Amino acid sequence: MNLLEHSINTLVKEDIRMASFFQNEKIDFCCNGHRNLGEVLKEKGVDEKRFMNDLKEYKESLDGNGEKVNFYNQMDNEELIGYIRSTHHTYTRSVLKELDQYVAAIVKAHYRHDKPLLLAINSLYGKLRVELHEHLIKEEVDLFPLIMDGRFDEAKKEIEVTEDEHDAAGNLLAELRKVTNDYTLPSWACTTFSATYHNLQELESDLFRHIFLENSILFERF
Ligand SMILES: [Fe+2]
Ligand SMILES: [Fe+2]
């Protein structure tokens, strides 16, 4: 199989551990997972040969490191929705709760050290938390019950809205990554500042996998 002619999410569908490879390469496997890998590499100016060699090496290292992680392919809709809610929705809400406190604390403590940076983090994080809280409850109350009740035509309309919201969250995370210079800690960073960057990166990783399970696994069933 020539992977370059397939969608980005092909390998992640087989084994979610491949998500880390695409994340490190800054190739969007969740919101844009349906796009053609070869086209995206060209667009980003990535050296195909180098990329494919690294991908092969990464995949081989995983093959030697236990079973594939692809439980989601065996789950029915109800099980997958239950998994997404209990794992990703619960985690997102708990990390946002911590981040609410951390972001408020670092703005107060460090505004004078780098005003544009602290204002940008405060504003982008503020938008992200509002987006995510709304998004999670809309899935739980509006979309998931439609799927569970087998009302797939109505669900498809709601899925379009949901995917737009995924894009919006992905864009805010990309902006956060940009303003923080890939989460590089400034010299004056305190423990709370480090914890903020750490949690934002964990939230990003978790959200990428969460969106992948929705866009590329669950929603593709309809
Ligand atoms: Fe979700
Ligand atoms: Fe979602």
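Student: How many residues does helix 5 have, and how far does helix 5 reach from its first C-alpha to its last?

Tutor: Helices here are DSSP runs (H or I, at least four residues), numbered from the N terminus. The expected span of a helix is 1.5 Å times one less than its number of residues. Helix 5, residues 77-110, has 34 residues and reaches 46 Å, close to the expected 50 Å. Keep in mind that this is a predicted model, where local features need pLDDT of at least 70, side-chain atom pairs count only at pLDDT 80 or more, and totals for chains, interfaces and linings use all residues. Residues are numbered from 1 along each chain as its sequence is written, with chains lettered from A and ligands numbered from 1 in the order in which they are written.

Student: Where is the kink in helix 5 centred?

Tutor: A bend at a residue is the angle between axes fitted to the seven residues ending there and the seven starting there. In helix 5 there's a kink of about 30 degrees, centred on Arg85.

Student: Which residues of helix 5 are buried?

Tutor: Buried means that 20 or more other C-beta atoms, placed from the backbone, lie within 10 Å of the residue's own. For helix 5 that gives Leu80, Ile81, Ile84, Thr92, Tyr102, Val103, Ile106 and His110. Across the protein chain, buried residues make up 24% of the 222 residues.

Student: And how many helices and strands does the protein chain have?

Tutor: Eight helices and zero strands (a strand being an E run of at least two). The C-alpha trace spans about 55 × 45 × 35 Å along its principal axes.

Conventions: Buried ≥ 20, exposed ≤ 12 C-beta atoms within 10 Å, placed from the backbone.
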